[in-house]
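Please look over the model shown here. A short report on its local geometry and packing comes after it.

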Amino acid sequence: MSSAFRVTQRSLGARALSGLQTQLGQLGRIQEQLSSGRLIAKPSDSPTGTVVAMQSRGEIRANEQYGRNASDGLGWLGMADTTLMSSLTSIRRVRDLALQGASTGSSSQTSREALAQEVDSLRDGLLQLANTQYLGRPIFGGTTTGAVAYDTTSGTYAGDTNHVARTVGDNTSVEVAFTGPEVFGPAGSDLFAVVGQIADHLRNDPASLQGDLTALDASMQNVLGRLSEVGARYSRVDAMKTAADDRVLDLKTRLSEVENVDLPKTIMDLQMQQVAYQAALGATSKVITPSLVDFLR
Amino acid sequence: MSTFSGLSIALSSLYAQRRGLDVTGQNVANANTDGYSRQRVLLESVGGPQTPAMWSTWSGAGSGVRAADVERIRDMFLEQRAQAEHGEQSRLDTQQTTFSRLEQLFDEPGDLGLAQAFGDFWNSWHDLANAPGDMAARKQVLQRASAVTDTLNGAYTQVATEWSGARDQLSALAHEVNATAASVAQLNGTIAAAVQSGVPANELMDKRDQLVMRLSDLVGATSRSGDSGTVDVYLGGTSLVRGNIYDTLNVTGPSDFQSLGSGSVSLEWATGAFKAETPSGQAGGLLTTLNDTLPRYVSRLDEVTNALVTQVNTAHAAGYDLNGAAGQPLFDPAGTTAQNVRVVLFDASLVAASGTPSLDGSGNPVGNLDGSNADLLGKIATQTGSPDKVYRAMIVDLGVESQGVTRRAEVQASVVGQADADRESQSGVNLDEEMVNMLAFQRAYEAAARLMSTVDSTLETLINMAR
């Protein structure tokens, strides 16, 4: 009476128990996934998935920041756009007045004085526009800590030549403001000097107004050129913002593919595991009971 | 040949079958006892006189049966294999626990770990680049920097606590090993005395083997059969228990994590004070945890910290603060370990956001609202060798290593299950078999009784004949 492998009641029991425990462990794992909603709870669940998850999270954070940076840049550029538009209207009015003064050379000193006074007030208005602030900073003042880009009385530039830039993408940085001299011309011959000269010449030397008009046209062209540049940058930053927002969406989808459970599949798995566990329980209860003891009397 | 020898043969059978029934009873009673090995009565036929002598007559029928011994059925080789596998499993389980603790400690991937703290820190630089003059943005940078250092310090403290826990566990383990070894030695002595005087000591041996198995679990001990039913227990090649003599183990080496650099923790023999070999068992796992795993991950964390401190400080020094002065160290340059890292800049206006120096009319430096240096600091995250990347590599390595250990532990668990099943199939009690044996002894007993009554009636016939 010898068999290759003796089986005892205890070993049967131990084996059944270890089987049940494996089943229950799997059931627990699926239940944990379902209740946390996460497929990767710790790095060892999937080291490669962990890399993807960590990278995606980092990139999501970076791109959300790029979106915020771009919004801020759009604020600067939008402010520059409206300011330059208003400046152009004022410059055109100055041009009209200078033209009027030049063409009516025979007109009286009083009428030209009236023209000069309007030009003076337009110059003040232009200076005010040049000192437009965004979030407490003059937008044409470079990186100055002061409140104005141009001195409101003398009209001299008070800012510096540094540029304000915003990072709106990986290695993509866009300048979101121009310095005063870039927009209004170099110190000494800038827009405010030209307009001041026009007022002066209207009062004292109408004959020189023709030359001033040329200088004013040059300034206006410069402002126009900056305006179109501002528009171009605005649309570029806007496009980058959209790209960053889209990227965040893509990355979140990717992250959830890696990290989150597939709900229908997991619920299905849970059902199957439950059935398997119940089957194992049923089989165990049937297998263990009978022994020779039951049949002896 | 004696007239009554038939009676004595029947009597010897009655005794022997009764002994068989007793052993069967013992087996059935211990069907579920841990560590019990089934026993079997060895019956032996008793023959006639072995040497011919004058006046000695013998019918040649033999003179009955006797229960020579009660044998304990246990295979020493299966036992040794199970000891080795149990030791290995304990080692892997201990290591697995360490790794799962480490994984819990770093809490990745998630929204609460160090990766998140780094991300928040870099983003605060971007926010500062957007508003270099804003004191709130400046303070936010400093607070996020503190959050990073707090996370690093916290991780270090937790690892150090984990280390102390493992160290305490090792001390407790050494005590248990010493007590268990003493018990084994004592049992060995008792067993030897019993065996030498011919008394069965099966139950004592079961108890002793259980203790030896416990030693395998604890320190990966292996055993060899010794004289007179004793067992010698070995660690590596050195004997822990030999007969009734045993040696003890002491834990040596640093007692806290900070002083680990001065040497490693090990188990030492009390006699001779040389290192005990414990490649497996819980002790093996704990020693790996203490001397390798935990220090290794702390040094990985130090690499992350070093990258953070040097890269941020270098970039910060290249910038200019709100007063136009060059950036001072943001992190303590001396604290490049996870334990010591700390923020040393507390004045928010000293955060060097600007990338260009400015001078006032008289040539003195003044601050400006340039944010280009803050922008550069925010971009450290994407540089090669950035702290984020070093940390990510560390987490991935942790994941891979942990997964490896978990898998090996799972495989080992099934190996141990197989080894235990083999032992059980050798030594376990099968109730069916015991029932069959019981029937056999019962029938034999009945037959012997029958024989006795037959001999009795035969003798009666003989005695009545003379009436």
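## Basis

This is a predicted model, in which local features need pLDDT of at least 70, side-chain atom pairs count only at pLDDT 80 or more, and totals for chains, interfaces and linings use all residues. Residues are numbered from 1 along each chain as its sequence is written, chains are lettered from A and ligands numbered from 1 in the order in which they are written, and side-chain values use heavy atoms, with hydrogens and water left out.

## Helix packing in chain A

Helix α2 (residues 47-103) of chain A packs against helix α3 (residues 109-130) of chain A. The angle is about 165 degrees, and the axes are 10 Å apart. α2(A) is therefore roughly antiparallel to α3(A). Axes are lines fitted to C-alpha atoms, for helices over the stretch in contact, and angles run from 0 to 180 degrees between N-to-C directions. Angles over 145 degrees count as roughly antiparallel, under 35 as roughly parallel, 65 to 115 as roughly perpendicular and the rest as oblique. Helices (H or I, at least four residues) and strands (E, at least two) are DSSP runs, numbered from the N terminus.

The crossing of α2(A) and α3(A) is left-handed. That term applies if the near helix is turned anticlockwise from the far one by less than a right angle; clockwise is right-handed. On the α2(A) side, the contact includes Thr83(A), Ser87(A), Ile91(A), Val94(A) and Leu97(A). On the α3(A) side, it includes Leu115(A), Val119(A), Leu122(A), Leu126(A) and Leu129(A). Contact means heavy atoms within 4.5 Å. By class, the contact of α2(A) with α3(A) has eight nonpolar, six polar and three charged residues. Ala, Val, Leu, Ile, Met, Phe, Trp, Tyr, Cys and Pro count as nonpolar, Asp, Glu, Lys and Arg as charged, and the others, Gly among them, as polar.

## Two residues of chain A

Ser87(A) lies in helix α2 of chain A. Ser87(A) is buried, at a relative accessible area of 0%. Buried means under 20% relative accessible area, exposed over 50%, and partly exposed in between (1.4 Å probe, protein chains only). Leaving aside neighbours within four places in sequence, Ser87(A) is in contact with Leu126(A), Leu129(A) and Phe184(A).

Val174(A) belongs to strand β4 (residues 172-175) of chain A. Val174(A) is also buried, with a relative accessible area of 2%. Val174(A) and Ala70(A) are 104 residues apart along the chain, yet their C-alpha atoms are separated by 9.1 Å. Residues up to four places away in sequence not counted, Val174(A) touches Val164(A), Ala165(A), Arg166(A), Val168(A), Arg233(A), Arg236(A) and Val237(A).

Chain B is assigned domain 1 (5-73 + 430-465) and domain 2 (80-418). These bounds come from an automatic or database domain assignment. Over C-alpha atoms, the centres of the two domains of chain B are 65 Å apart. Nine residues from domain 1 of chain B and six residues from domain 2 of chain B make the contact.

Helix α1 (residues 5-29) of chain B crosses helix α9 (residues 431-465) of chain B at roughly 160 degrees, and their axes come within 9 Å. α1(B) and α9(B) are therefore roughly antiparallel to each other. Their crossing is left-handed. The contact of α1(B) with α9(B) has 19 nonpolar, seven polar and two charged residues.

## Backbone exceptions in chain B

Most residues other than glycine have a negative phi, and most peptide bonds are trans. Asp107(B) has a positive phi, near 50 degrees. Asp107(B) lies in the loop between α2 and α3 of chain B and is partly exposed, at 33% relative accessible area. A cis peptide bond joins Glu108(B) to Pro109(B), with omega about -10 degrees.

Ala273(B) has a positive phi of about 50 degrees. Ala273(B) sits in the loop between β8 (266-269) and α6 (281-317) of chain B. Its relative accessibility is 47%, so Ala273(B) counts as partly exposed.

## Two further residues of chain B

Lys379(B) is in the loop between α7 (372-378) and α8 (387-427) of chain B. Not counting residues up to four places away in sequence, Lys379(B) touches Thr167(A) and His126(B).

His175(B) lies in helix α4 (residues 135-196) of chain B. At 59% relative accessibility, His175(B) is exposed. Its C-alpha atom is separated by 8.3 Å from that of Asn250(B), 75 residues apart along the chain.
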